Amino acid sequence: MSEEFKTYFETNKQTWNEKVDVHAASEFYDIDAFKKGKSSLNRYEIEALGDVSGKSLLHLQCHFGQDTLSWSRMGAQCTGVDLSEKGIELASQLNEELELDAKFVCCNVLDTSTYIKDQFDIVYTSYGVIGWLPDLKPWGKMIAEKLKPGGTFYIVEFHPIVWMFDYLEKEPIIRYGYHQKEAIYEEYQGTYADENSKMLSKEYGWNHGFGEIISSLSEAGLTIEYMKEYDQSPYKIFPNLIEKQKGLFETENKLYPLLFAIKAKL
């Protein structure tokens, strides 16, 4: 990894470390309801992966582990990975408090194979993850390394078109390339979970089109079972979204999808 990328990742790690306390206190993550048994998972991933009881599951970029622990509650043997030390610390505390058996590892997701030697029945990642990675080829290679033969990879993620917009303007405008290779730097107050927070988010990200996403997986040896696109998002994190169904948000005119999902087998 170049020194430039190391600097970018370090900046992102500092921001995500600051986000942990803000997010843990937010209504968005509703940690009290989570502790009482509410799942953080959404219908897309639950329907896609079905019964996970007894299966080993690796959750990439797990933040402070709510999804990891939700899968654990459903009977999976879970390991969560995240860049943020504070995120992993809180995830481990929640795991202990809830008397679950998940494991958590702090590392750059691209270095997962260095820190975790096991292979898994399922590798899972979701909602705002690949945009933090400059190149998806090592990501795809790592996923293949971490899957057992016949294992399943599943990602549900915000659509590449969504990331072409600059949301820091009064009205979102298209500013970034569909598969822009240059890093996108943004600096703003607050976070998607608490826009009124006084924390300053400093973030480097990268856009990835479907050609790069799918090729990174297929070239690593995975077979794509499907790629789906959805008009509705379970998260109201972009401007001007309308709740048409309970808990699902969409744009008024549906000119572009908000999410995509890929399911693949090794």
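Helices here are DSSP runs of at least four residues, numbered from the N terminus. Keep in mind that this is a predicted model.

Q: How many aromatic pairs does the structure hold?
A: There are 25 aromatic pairs. In one of them, the ring centres of Phe 5 and Tyr 8 lie 6.2 Å apart, and rings pair if their centres lie within 6.5 Å.

Q: Why is the pair of Phe 5 and Tyr 8 called tilted?
A: Their planes stand at 50 degrees. Stacked needs under 30 degrees and edge-to-face needs over 60, so the rest, including this pair, are tilted.

Q: Why is Tyr 8 counted as buried?
A: Its relative accessibility is 13%, and buried means under 20%. Phe 5, at 27%, is partly exposed.

Q: What makes Tyr 8 and Trp 206 a tilted pair?
A: Their ring centres are 5.8 Å apart and their planes are at 55 degrees, so the pair is tilted. This pair links distant parts of the chain, with Tyr 8 in helix H1 and Trp 206 in the loop between strand E9 and helix H8, 198 residues apart.

Q: How do you know whether Trp 206 is buried or exposed?
A: Trp 206 has a relative accessible area of 3%. Buried means under 20%, so Trp 206 is buried.

Q: What makes Lys 19 sit over the ring of Trp 16?
A: The charged end of Lys 19 is 4.0 Å from the ring centre of Trp 16, and the distance cut-off is within 6 Å.

Key: Residues are numbered from 1 along each chain as its sequence is written. This is a predicted model: local features need pLDDT of at least 70, side-chain atom pairs count only at pLDDT 80 or more; totals for chains, interfaces and linings use all residues. Side-chain values use heavy atoms; hydrogens and water are left out. Rings of Phe, Tyr and Trp (its six-membered ring) pair if their centres lie within 6.5 Å; planes under 30 degrees apart count as stacked, over 60 as edge-to-face and the rest as tilted. Buried means under 20% relative accessible area, exposed over 50%, partly exposed in between (1.4 Å probe, protein chains only). Helices (H or I, at least four residues) and strands (E, at least two) are DSSP runs, numbered from the N terminus. A charge sits over a ring if NZ of Lys or CZ of Arg is within 6 Å of the ring centre and within 35 degrees of the ring normal.
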